[in-house]
Amino acid sequence: MTIHWHGIRQLRTGWADGPAYITQCPVQPGESYVYNFTVSEQRGTLLWHAHILWLRATIHGAIIVLPNHAQPYPFPKPHKEEVLLLDMRYSCCLELNSSFNDYKPDYSKYAGEWWKSDVEAVIDEAMASGNAPNVSDAHTINGHPGPRSDCLGQGGYKLVVMPAKTYLLRIINAALNTELFFKIAAHNLTVVEVDAAYVKPFATDTILLAPGQTTNVLLTTDQPTARYQITASPFKSSPVTIDNTTATATVIYAGTSASAATILADRPPQNATPIAAAFTQSLRGLNSAAYPSRVPLRIDHSLLFTIGLGLADCPGCANSLRLRVVADINNVTFVMPRIALLNAHFFGIGGVFTDDFPARPAAPYDYTGAKQPENLRTMMGTRLYRLAYNSTVQVVLQGTGMLFPENHPIHLHGSNFFAVGKGLGNFNPDKDPKGFNLVDPVERNTIAVPSGGWVAIRFRADNPGVWFLHCHLEVHTSWGLKMAFVVDNGKGPNESLLPPPNDLPKC
Ligand SMILES: [Cu+2]
């Protein structure tokens with residue numbers, strides 16, 4: 001097991017970041033490891049989760065970093081705060097009725113009972129067959145799928161509110177493979193923060209979260225006393241099979257009669273790309289005097305990363321073509337090392353990785369075109385991209401149409417980034433940078449690259465260590481859509497990676 005503190009910067013403490021074989025070897029059964037780190041200059045909602053294989057399906061929770069007493073929220077103090085954790089279950093609701101009713105935020109007690117299929121078996125079977133893995137059986141809100149025809153007696157999660165108050169909802173998408181729309185019937189939500197970075201407040205009736213993303217919204221209880229449905233429903237950006245269930249929960253105004261009907265939310269259609277685009281388009285960094293947007297303006301490394309799918313030969317695969325689906329960045333399918341990359345970097349152990357990750361595709365092509373090449377093979381390698389301390393980086397994350405285009409939520413460890421531009425089709429290096437927002441772009445740690453389009457991000461490499469960049473759809477990470485940056489030490493007194501702790505697990 002390893003645990004990742006998703007979005008915590010881990011300044012100089014990469015040993016506590018958690019991705020298995022990137023910054024540490026897994027903690028073995030019966031062993032222990034203390035994650036020791038300091039949270040500085042960050043506040044907001046994040047999540048922690050297991051970061052090995054598919055174990056984060058059951059092992060995850062919220063991290064709430066409260067603001068400094070001297071520096072309150074940049075919006076009116078809410079009456080109350082609530083955490084809403086959206087996740088998914090590979091389980092049969094009927095068989096698990098009792099566990100759903102007994103839900104407590106203590107996954108270890110229920111981990112054995114939640115699953116009809118063991119998630120490890122799900123991905124192992126997919127990797128052996130070469131095909132896509134089975135999808136989950138239910139999405140949930142705070143552990144409950146809500147009432148379902150196959151899950152009678154399930155009222156779901158209930159949020160009881162007082163009228164004429166403002167609530168801060170901290171919403172987290174902890175699902176493995178589904179981007180989720182979130183909605184509350186008859187209410188607008190005022191978005192104030194994403195990925196623990198404040199944004200310019202804006203009102204919307206629907207928000208969208210990719211796996212790994214968090215969103216804080218203000219909910220003002222300005223509607224008639226009644227019960228209102230909450231929905232978490234999938235956003236489907238490509239022709240793949242997904243878990244198409246909707247999780248439901250209820251906002252109940254105090255004083256609502258027990259027999260009152262629930263006012264239903266009209267959840268967006270699964271393919272509601274315009275709603276998804278309108279939401280992401282509305283996100284702007286707060287960029288106030290207290291929270292300025294420190295967007296790098298001069299760029300040392302301008303990178304173009306194509307992200308998508310490919311095929312690999314698989315003589316043992318159980319399909320007729322003897323192929324398996326893989327995923328890649330710049331046509332490199334990442335091969336997991338056997339010892340942790342951070343260890344190899346710190347102690348100078350050779351033969352574990354190379355630092356020749358390609359800055360751009362070997363040859364330009366029509367990345368998002370529907371025309372498929374004859375050869376969909378990728379290269380295999382444990383290749384990293386090296387950055388000098390404090391260098392500035394722009395990465396254009398370019399989705400491809402290889403096999404088919406799909407939305408990829410890309411997560412960077414060790415640094416937040418600014419999303420300075422996005423578009424559909426192929427990134428145009430002559431025209432598109434003219435439209436970049438270098439004033440108040442949204443700052444975050446996970447960004448959904450639109451299906452058949454691109455996103456440009458910028459960050460400063462001011463955190464020495466090895467930092468994972470990967471798709472947060474776990475299926476794509478399993479298939480190899482991942483790489484890492486190695487950031488060298490600086491020369492100043494606080495610009496070096498600290499030595500590893502004594503209890504760091506060994507491979
Ligand atoms: Cu992906």
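**Backbone, sheet and domains**

A: In this predicted model, Asn-287 counts as partly exposed because 17 C-beta neighbours lie inside 10 Å.

Q: Where does Asn-287 lie?

A: Asn-287 is in the loop between α4 (273–281) and β16 (301–313).

Q: And what is the phi of Asn-287?

A: Phi of Asn-287 is near 45°, which is a positive value in a residue other than glycine. Most residues other than glycine have a negative phi.

Q: What about Ala-164, where is that found?

A: Ala-164 belongs to the loop between β6 (158–161) and β7 (166–173). Its phi is also positive, at about 55°, although Ala-164 is not a glycine.

Q: Is Ala-164 exposed or buried?

A: Ala-164 counts as exposed, because it has 10 C-beta neighbours inside 10 Å.

Q: Let us turn to the domains. How is the chain divided?

A: The protein chain is divided into domain 1 (70–281) and domain 2 (301–487). Taken over C-alpha atoms, the centres of domain 1 and domain 2 are separated by 28 Å.

Q: How many residues are in contact between domain 1 and domain 2?

A: On the domain 1 side there are 23 residues, in contact with 27 residues of domain 2. Both α3 (119–129) and β10 (197–204) supply at least two residues of the side of domain 1 that touches domain 2. That side of domain 1 consists of twelve nonpolar, eight polar and three charged residues.

Q: Which residues touch the most other members in the largest nonpolar core?

A: That core has 120 residues, and Leu-86, Leu-397, Ile-457, Ala-484 and Phe-485 touch the most other members. The strand that gives the most to this core is β26 (residues 453–461), with six residues.

Q: How many bridges join β27 to β28?

A: Six bridges join β27 (residues 465–471) to β28 (residues 482–487), and the two strands run antiparallel.

Q: What is the strand order in the open sheet?

A: The five strands follow the order β20-β28-β27-β22-β25, with mixed pairing. At the edges stand β20 (384–387) and β25 (446–449); each has a single partner strand, so one side of each is left without a neighbour in the sheet. From one strand to the next, the twist averages 20°.

Q: One last site. Where is Pro-361?

A: Pro-361 has its place in the loop between α5 (341–347) and β19 (379–381). Pro-361 is partly exposed, because 16 other C-beta atoms lie within 10 Å.

Q: Which residues does Pro-361 touch?

A: Not counting residues up to four places away in sequence, Pro-361 touches Leu-304, Thr-306, Asn-330 and Asn-331. As for Met-379, 18 residues from Pro-361 along the chain, the C-alpha atoms of the two are separated by 12 Å.

Methods. Residues numbered from 1 in each chain as written. Predicted model: local features only at pLDDT ≥ 70, side-chain atom pairs only at ≥ 80, totals over all residues. Domains from an automatic or database assignment. Contact = placed C-beta atoms within 7 Å. Helix = DSSP H or I, 4+ residues; strand = E, 2+ residues; numbered from the N terminus. Nonpolar A, V, L, I, M, F, W, Y, C, P; charged D, E, K, R; others polar. Buried ≥ 20, exposed ≤ 12 C-beta atoms within 10 Å, placed from the backbone. Pairing = 2+ DSSP bridges. Axes fitted to C-alpha atoms, helices over the stretch in contact; angles between N-to-C directions. Core = buried A, V, L, I, M, F, W, Y, C linked by C-beta atoms within 7 Å.
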